Amino acid sequence: MAVFHQLVNGECLGKQVFQGFVCCVDAVSLDGADMLSEERIRLMTKMASYEEGEGKKYMPIKQFYRKDYVTLGMVKTFITSSIAFGILLLCWALYVFEDITEILASRDFAELGMSVLAIYFVFIAIYQLIALLVYYRRYTKATASMKEYHSILRRAEKLQEKEDRSPPLED
């Protein structure tokens with residue numbers, strides 16, 4: 001007695017919904033003949049869960065080489081931190097607006113510009129160092145996570161090959 005029907009014309013006649021997933025299994029019988037191994041089903045469920053959860057975050061990261069991913073992150077950080085510095089500088093200028101004439105009168109413009117540039121370079125250097133550490137760590141975590149995913153995938157493929165090699169049981 002078959003629990004599920006075979007796949008016909010690209011559609012599964014016997015479908016079962018399990019936690020939001022539609023399972024379509026061909027020719028599973030109750031007597032154990034052509035039965036899918038529980039281990040392989042468990043591994044496939046684990047892989048599907050990973051792809052919907054952590055995989056959404058880590059799979060796009062692994063499309064890059066480490067150097068490219070970290071460099072892209074640092075470029076994005078450079079742009080956003082430069083914008084942030086400009087906003088902070090504007091806020092500071094508005095805060096000391098009354099004293100700005102005294103600051104401009106007492107200092108040379110070149111000296112003022114050099115001090116603002118020095119603060120800007122320190123600000124950017126700190127943010128770039130933080131970005132380097134953050135993006136490097138993200139890539140390392142993604143690599144470890146994807147290695148685990150690929151090991152599960154290899155185990156599921158080996159079980160599939162083992163099932164394909166075993167001769168079908170006759171009724």
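Helices, of at least four residues, and strands, of at least two, are taken here as DSSP runs and numbered from the N terminus. The exercises below concern a predicted model.

## Exercise 1. Layout of the chain

Determine how many helices and strands the protein chain contains, and in which pattern they follow along the sequence.

**Solution.** Step one is the count, which gives 5 helices and 4 strands in the protein chain. Step two is to read along the sequence, where the pattern is β-β-β-β-α-α-α-α-α. Step four turns to contacts between residues at least 6 apart in sequence, of which 67% join residues at least 24 apart.

## Exercise 2. Surroundings of Tyr135

**Solution.** The place of Tyr135 is in helix 5. For Met74, the C-alpha to C-alpha separation from Tyr135 is 8.0 Å, although the two are 61 residues apart in sequence. There is also a charged side chain to consider, for Arg138 lies over the face of Tyr135, at 5.1 Å from the ring centre.

## Exercise 3. Aromatic pairs

Find how many aromatic pairs the whole structure holds, and explain why the pair of Tyr69 and Tyr139 ties together parts of the chain.

**Solution.** A search of the whole structure finds 7 aromatic pairs. One of them joins Tyr69 and Tyr139, at 5.9 Å centre to centre with 40 degrees between the planes; planes under 30 degrees apart count as stacked and those over 60 as edge-to-face, so a pair in between is tilted. Because Tyr69 lies in helix 3 (residues 66-95) and Tyr139 in helix 5 (residues 109-165), the pair ties together parts that are 70 residues apart in sequence. Both Tyr69 and Tyr139 are buried.

A second tilted pair is formed by Phe85 and Phe123, at 5.4 Å centre to centre and 50 degrees between the planes. Here too helix 3 and helix 5 are involved, with Phe85 in the former and Phe123 in the latter, so that this pair ties together parts 38 residues apart in sequence. Phe85, at 11% relative accessibility, counts as buried, and so does Phe123, at 17%. These two residues belong to one aromatic cluster together with Tyr120, Phe121 and Tyr127.

## Exercise 4. Salt bridges

State how many salt bridges the structure holds, and explain why the one between Arg40 and Glu163 ties together parts of the chain.

**Solution.** Side chains of opposite charge can pair when their charged atoms come close. The structure holds 3 salt bridges, which may be taken in turn.

1. Arg40 and Glu163 form a salt bridge whose closest N and O atoms are 2.4 Å apart. Since Arg40 lies in helix 1 and Glu163 in helix 5, the pair ties together parts that are 123 residues apart in sequence. Arg40 is buried, with a relative accessible area of 10%, whereas Glu163 counts as partly exposed, at 23% relative accessibility.
2. Glu39 and Arg42 meet through their side chains in a salt bridge, at 2.1 Å from N to O. Because they are 3 residues apart in helix 1, about one helical turn separates them. Glu39 is partly exposed, with a relative accessible area of 31%, and Arg42 is partly exposed, with 48%.
3. Lys56 forms a salt bridge with Glu52, the closest N and O atoms being 3.8 Å apart, which meets the criterion because the cut-off is 4 Å. At 56% relative accessibility, Lys56 counts as exposed.

Technical notes. Residues are numbered from 1 along each chain as its sequence is written. This is a predicted model: local features need pLDDT of at least 70, side-chain atom pairs count only at pLDDT 80 or more; totals for chains, interfaces and linings use all residues. Side-chain values use heavy atoms; hydrogens and water are left out. Rings of Phe, Tyr and Trp (its six-membered ring) pair if their centres lie within 6.5 Å; planes under 30 degrees apart count as stacked, over 60 as edge-to-face and the rest as tilted. Buried means under 20% relative accessible area, exposed over 50%, partly exposed in between (1.4 Å probe, protein chains only). A charge sits over a ring if NZ of Lys or CZ of Arg is within 6 Å of the ring centre and within 35 degrees of the ring normal. Contact means heavy atoms within 4.5 Å.
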